[in-house]
Amino acid sequence: MHPRAGAPMGRRRFLALSAGGAAAGAAALSGCAMRVSAGVGGSGETVTVMVNSGDILPEQVRQAKKALGIKIVLVKYDITKLIAMLTSGSPPDLVRGVGAVDAPFFAARDVAEELDPYFARSGVLELDDLDPVNDLWRYDGRTQGKGPRYGMAKDFSQDSMYWYNTAAFDKAGVDHPSETEPVTYEEWQDTAQRLVQRKKGQTTVFGGSYGGLTRATLLTTMTASAGGSLFNDDFSRVDFTTPEARKALTWYIDYCRTKVGPSLIQPDPNGWDGPTYQAGRLAMSNAGYWMGGMIYPDEKLAKVSRLAPAPMFAGGPRISACQGGTGLWMPRGAQNKDAAWRVFEWFFGEEPAKARASGGWGIPTLKSLRSLMPGQEGYQQRVLRVQENELKHFSVVSFTPYTRADAFDALFNQIAPAAMNGQISVDTLGGRLNSAINDQLKRGKEQVG
């Protein structure tokens, strides 16, 4: 276990262990009672928040100034700049992070503040109101999902679920998926093959998209769905040759080879599923509940769109994980922690959280805000029924603290196309991935200590 106290990390050491990642690199509805902060100060202070464009809107910055008396200064998220700020002792007060992969990475490096004392005295973010997805932001020095809290997700989806267009299914004479029982991954791919449309050798309508948020989280989750773990017990090695990991890798390479959907060897010209699905050129989209925020404004599209449970492997456990859990964490070296926590409470439990919940762009991470999720229309109510049932099958799938997901993906993207193009076997691919990624993990473990 990595100690929680110690000397500040040197810039050279932090840059070395993060090199792969650095290179890759509304108003509230009236039905919800407002909770009140339990006296944490901060009025008149300035809080620096490092986020992506759109995470916190300019009008929300103005809202925070008026409601909290705190000035928020936004800094564009950049991993190299973040490392420089952390190692120089002048980090942002709050930082954007993806809980599924960032929480163990930053906690293991002693740069993230433990937030349990803040949660304990908060009147806004009460522990019994936190959705279990927030356990992605816990890390006990060995295993994600246990131990102290280092952050919180702003909203989430179970990212192995998929949307589908009923008009595409009906046109092809394919039965709609069950709303409660998952198909197998093999059945999903067979359906995608029946739905894909091609003309003169070119794909005009993708049968389905299944790429996950990252290949790292996709393959980690799929291996868990096959009944195994991509990592060894201390998360210092991967093994793509175990039966479960090989099953996941084989399925994904087959998906790419058959070209039923976007991949490294058949890119989506739009870069992501949203515009392609909107245009009717994608029959199934591996995007969880969050994409409803894009679908619902187009009533015609919304009426033919359905959300389906996450697929599973025959004989494996039913797992429906979150591969994201994007939110905020507080650096240990932050200078304005009390004011930062007040902004944290406001962002996750007050006006911004209510606006996000009512927009359909994700499931609220406070259970008390669930009633704000869009459900006025019949198609929205149907989606909510599917999503509510799926929540029973959520579990944290732990990720390694020894590399970043984008660094893992960079290696995968270099090595895997040869298998996707049929030039090497899945077994050869598995061996090459083991060699490259385990070398990366070895360096990461040595640098963490």
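Which loop holds Lys-200? Select that residue in this predicted model. Lys-200 sits between strand S9 (197–199) and strand S10 (202–205). Check its backbone. The phi angle of Lys-200 is near 55°, a positive value in a residue other than glycine. Most residues other than glycine have a negative phi. Now show the surface. Lys-200 has a relative accessibility of 81%, so it counts as exposed, the cut-off being over 50%.

Next, select Lys-259. Its loop runs between helix H10 (243–258) and helix H11 (273–278). Phi of Lys-259 is also positive, near 55°. Is Lys-259 exposed or partly exposed? Lys-259 counts as partly exposed, because its relative accessibility is 34%.

Move to Asp-93. Look for it in the loop between helix H4 (79–87) and strand S3 (94–98). Asp-93 is buried and has no salt bridge. Which side chain of opposite charge is nearest to Asp-93? That is Lys-337, 8.9 Å away. A salt bridge would need a side-chain nitrogen of Lys or Arg within 4 Å of a carboxyl oxygen. Now draw a line from the side chain of Asp-93 to the backbone nitrogen of Gln-335: the distance is 3.4 Å. Then show the neighbours.

Last stop: Gln-381. Find it in helix H16 (residues 378–390). Gln-381 is partly exposed, with a relative accessible area of 37%. Beyond residues up to four places away in sequence, Gln-381 touches Gly-375 and Gln-376.

Methods:
Residues are numbered from 1 along each chain as its sequence is written. This is a predicted model: local features need pLDDT of at least 70, side-chain atom pairs count only at pLDDT 80 or more; totals for chains, interfaces and linings use all residues. Side-chain values use heavy atoms; hydrogens and water are left out. Helices (H or I, at least four residues) and strands (E, at least two) are DSSP runs, numbered from the N terminus. Buried means under 20% relative accessible area, exposed over 50%, partly exposed in between (1.4 Å probe, protein chains only). Contact means heavy atoms within 4.5 Å. Lys and Arg count as positive and Asp and Glu as negative; His and the chain ends are not counted. A polar contact is a pair of N or O atoms within 3.5 Å; within protein, one must be able to donate a hydrogen and the other to accept it, and residues adjacent in sequence count only if both atoms are side-chain atoms.
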